[in-house]
Amino acid sequence: MTVPYTKDWASLSKLNPEFEAASVTTLEMLRSVGANRPPTPLWPEVLEKDIQIPLRDGSSNSARVYSPSSPSTTGKPLAAFAFGGGYITGRLEAEEENCRTWVKKFGGVAVSIGYRGKLSDIICRLAPEHAWPGPHEDMYDAVKWIASNYKELDTDPSKAFVLGGTSSGGTTMMAITHLWRDENRIPLITGLCISIPMSYHTPSALPEKYSHRDLSYEQNKDAPVFNEITGNFIDSFVKPDPRDPLRCPLLWPTGHSNLPPMYMAIAGADRWRDSGLIYEEALREEGGVKTKLDIFGGLIHSFWGVFPAAEFSKEYRRKAEEGLAWLLEQSRLNE
């Protein structure tokens, strides 16, 4: 709809009512993004199989197993990945490139883990239908099942047992590495591969030694894609406790020593940039943990998913592969 010329140029910013109505985001709209995503071409080197993983209350959780298409008589390195989505949305396929790369490049077996409940054609127990810590419990149960059934998966976790995740999936896997250590579980987790995670919910919940160092929470609050508005929208469903260490692993009460080596990728224009940087520094300096860090300056949260064909996204994929290779090497050094 055109409007008459006016010298009050500022008035031209008033949103068109029809556009304003169409721009209102609902949870259903957010979940529909990618629901009709066509399958990507299969990689000939990789077999894919959907399974159900039993959970603590007798229900089950969806997962997809990626394994080499060529037969082998030896156990393979093991990896498990958790997709992002703020605990309210997401799909197994979000981690398929990491999983396929683990198989093709390193001869391993990878599992992409979902959540319980029905979301489109996959199983996801997500907020608000399922209150926190439901998503975490499902993921932890799945990782424990994978670790207990490594032989059935034709893997050898002594070669590598790597956990990985993106955004909220990365946060969950950060918490699981702490729980695994505190509960003395076996097999040992040998590496953590995470991208754009949140190690705490808000800087106001942090002790002084950390809180004054977070600049990105305000600096990038209006960044595209993931910003203050997006965060508030997610929080309205998840209702997080800002001091819950399951959501805020930087605050883990038993500290960060004796954790597995970690690869982390950070986006410079992400509101949660400093959340990742502070966590990496805490592990490296306070916990003595080996880390490898890649920082993609001036890029937004999940930039490779928004602009998959861009050169900076291709660089991210290359660096993520190098990060997996580094973690595999750390596993071999500790055999």
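## Cavity, helix pair and pocket: worked exercises

The largest cavity is lined by Phe81, Glu95, Asn98, Gly164, Gly165, Thr166, Cys193, Ser195, Tyr316 and Ala320. A cavity is a set of points, on a 1 Å grid over the protein atoms alone, where a 1.4 Å probe fits but cannot get out; lining residues have an atom within 4 Å of a point.

This is a predicted model, where local features need pLDDT of at least 70, side-chain atom pairs count only at pLDDT 80 or more, and totals for chains, interfaces and linings use all residues. Residues are numbered from 1 along each chain as its sequence is written, and side-chain values use heavy atoms, without hydrogens and water.

**Exercise 1.** Describe the largest cavity by volume, elements and residue class.

*Solution.* 
1. Search the whole structure: one cavity of 30 Å³ or more turns up.
2. The volume of the largest cavity is about 50 Å³, taken as the space filled by probe spheres set on grid points joined across faces, edges and corners.
3. Assign elements as DSSP runs, numbered from the N terminus: helices are H or I of at least four residues, strands E of at least two. At least two lining residues come from each of β7 (161-166), β8 (191-195) and α11 (311-333).
4. β7 gives the largest share, three residues.
5. Sort by class: four are nonpolar, five polar and one charged. Ala, Val, Leu, Ile, Met, Phe, Trp, Tyr, Cys and Pro count as nonpolar, Asp, Glu, Lys and Arg as charged, and the others, Gly among them, as polar.

**Exercise 2.** Characterise the second largest pocket.

*Solution.* 
1. A pocket is an open set with protein on both sides within 12 Å along at least five of seven lines.
2. α5 and α11 are the elements that give two or more residues.
3. The largest share, three residues, is from α5.
4. By class, the lining has eight nonpolar, eight polar and three charged residues.
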